[in-house]
Amino acid sequence: MGMFVPAIKGQGTDEQQKKWLPLAYKLQIIGCYAQTELGHGSNVQGLETTATFDPKTDEFIIHSPTLTSSKWWPGGLGKVSTHALVYARLITEGKDHGVHGFIVQLRSLDDHSTLPGITVGDIGAKFGNGAYNTMDNGLLRFDHVRIPRSQMLMRVSQVTREGKFIVSDVPRQLLYGTMVSVRQSIVSDASRALSRAVCIAVRYSAVRRQFGSQDGSPEMQVIDYKTQQSRLFPLLASAYAFRFVGEWLKWLYADVTQRLQANDFSTMAEAHACTAGLKSLTTSATADGIEECRKLCGGHGYLCSSGLPELFAVYVPACTYEGDNVVLLLQVARFLMKTVSQLGSGKQPVGTTAYMGRAQHLMQYKCDVRGAEDWLKPSVILEAFEARAFRLAVNCGQNISKAPGAEEGFSELSADLVETAVAHCQLIVVSKFIEKVQQDIPGLGIKEQLQILCNIYALSLLHKHVGDFLATGCITPRQGSLANDQLRSLYSQMRPNAVALVDAFNYTDQYLGSVLGCYDGNVYPKLEEEAWKDPLNDSVVPDGYHEYIQPVLKQKFRASRL
């Protein structure tokens, strides 16, 4: 349902959808998305699997010519799927027409045995205890497997009975529609995963007490230490920020889908750049954030019963699947460089790059901050982030133009381009958070708390990337210092409502799966209870005592045979 069905809906003809979608919806077939290969992940254009058309039989011959052309990683492939949407190089009349999608049956619908020419299995154990090992990731090889010509997805391009390759008016970018769909859902998943980790860490930080007692009074709550707040509260703000940008991304995808149905492909490129960039930004921040929450819970955070190690192991693959995060940022950078290069042509940037249309203003911009409280103004924050993102993009564009060739310049400046893409994506998240706060929000005090969260998110990013803001001349060192002063003040304002803000996620104890993050805060009895559940505690004298421990204690050593 996550990729097989959306791919058929996006790339299949009406006739193909009518045939395959009912079977998939009713689970009369189980499909997977077989794109990634052993030797090629993010480089889709480098896939090696071939689909050669045979006009004599009106069939495609699907073949894996090399070891590295083995499909590797598709979820649901190893033991479950009966069919796969296989991406392969289309070859007709001796010519390679690039990568296209083909529906291939892998297993019998009667006894689930593999069909002739198919080699399929599981790729083996992965990182973590249970974690992502519950996903049936598989490997797949084809040995001249024949399928009917009708099983090539033909909305974007077709192959005739005679073997002629025909390209339709539909842009090839539509092939990425499935990835756009999946990536927008990944952003929402990032908010959920980060908010789970933050909920555990905030609740435990409120229960845990350490140091600070000189007169026999209770020790200080860990959450009251500024060092804890400066690490924890930006993560709480990020969880909310990712939720709101995820909601906006769902709207964007729905809008793009509606346009596509009307054959309007004008927003497809921006949607691809947005989902790619935000997928990268949010998953990296979430994976790092979960690990930071584990550290914020001290030694107890390392216990499996804390829920954090398993959450991390389950989540961290998101930084790689559906596009490696660095590669995705480079795709965003290409989109930004193209946008910058067109500024002088009269073509006005739209959507998330609309700010680039104010090029002259942003290049001359000087931050209007005289006191720390000025950093609470949404317009001040937004313009600072816009100026930083735009100036980084312009600098990269200018430096690329000085290179002997555009591709050579892009390669040489790839590290700078990644930072530029990050700046653009952070601007999107900040702007959507600000838009959310400016809406009419019912409930006493809720708007004020969201405003605090929004400001913490933005100013913590400014603090983290202050070098960018200073190097591009967006702010002065004095203004950067004032932003830090305001950030410390915001932490103090958030502190009284920190627990309430994670309670608002409304996660049950069962869903959190953590003895540290239980709603009742009864941490220590639950820790002990979990400890006694360990099978090692089923016996007082451990297995192996008589063979190994007792001889040492009794000093009964045997002489070495050497």
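1. M1, Y25, L27, I30 and V80 form a nonpolar surface patch of about 490 Å²; patch members have over 30% relative accessible area and no salt bridge, with nonpolar side chains joined within 5 Å. M1 precedes α1 (4-11) and is exposed at a relative accessible area of 56% (exposed: over 50%; buried: under 20%; 1.4 Å probe, protein chains only).

2. The model is predicted: local features need pLDDT of at least 70, side-chain atom pairs count only at pLDDT 80 or more, and totals for chains, interfaces and linings use all residues. Residues are numbered from 1 along each chain as its sequence is written, and side-chain values use heavy atoms, without hydrogens and water.

3. T50 belongs to strand β2 (residues 50-54) and is buried, with 16% relative accessibility. Beyond neighbours within four places in sequence, T50 contacts I61, I62, H63, A88, R89 and I91 (contact: heavy atoms within 4.5 Å).

4. There are 13 aromatic pairs in the structure (ring centres within 6.5 Å; edge-to-face when the planes are over 60 degrees apart). One of them, F233 with Y491, is edge-to-face, at 6.1 Å centre to centre and 65° between the planes. Because F233 lies in helix α4 (residues 226-261) and Y491 in helix α14 (residues 477-494), this pair ties together parts 258 residues apart in sequence. F233 is buried at 0% relative accessibility, and Y491 is buried at 6%.

5. F244 and F433 are also paired edge-to-face, with centres 5.3 Å apart and planes at 65°. Both F244 and F433 are buried. Ring pairs link Y240, F242, F244, F433, Y457, F505, Y507 and Y511 into a cluster.

Definitions and conventions: Patches are made of residues with over 30% relative accessible area and no salt bridge: like charges are joined within 9 Å, nonpolar side chains (Val, Leu, Ile, Met, Phe, Trp, Tyr) within 5 Å. Accessible areas come from the Shrake-Rupley method with a 1.4 Å probe; for residues, only the protein chains shown count as cover. A salt bridge is a side-chain nitrogen of Lys or Arg within 4 Å of a carboxyl oxygen of Asp or Glu. Helices (H or I, at least four residues) and strands (E, at least two) are DSSP runs, numbered from the N terminus. Rings of Phe, Tyr and Trp (its six-membered ring) pair if their centres lie within 6.5 Å; planes under 30 degrees apart count as stacked, over 60 as edge-to-face and the rest as tilted.
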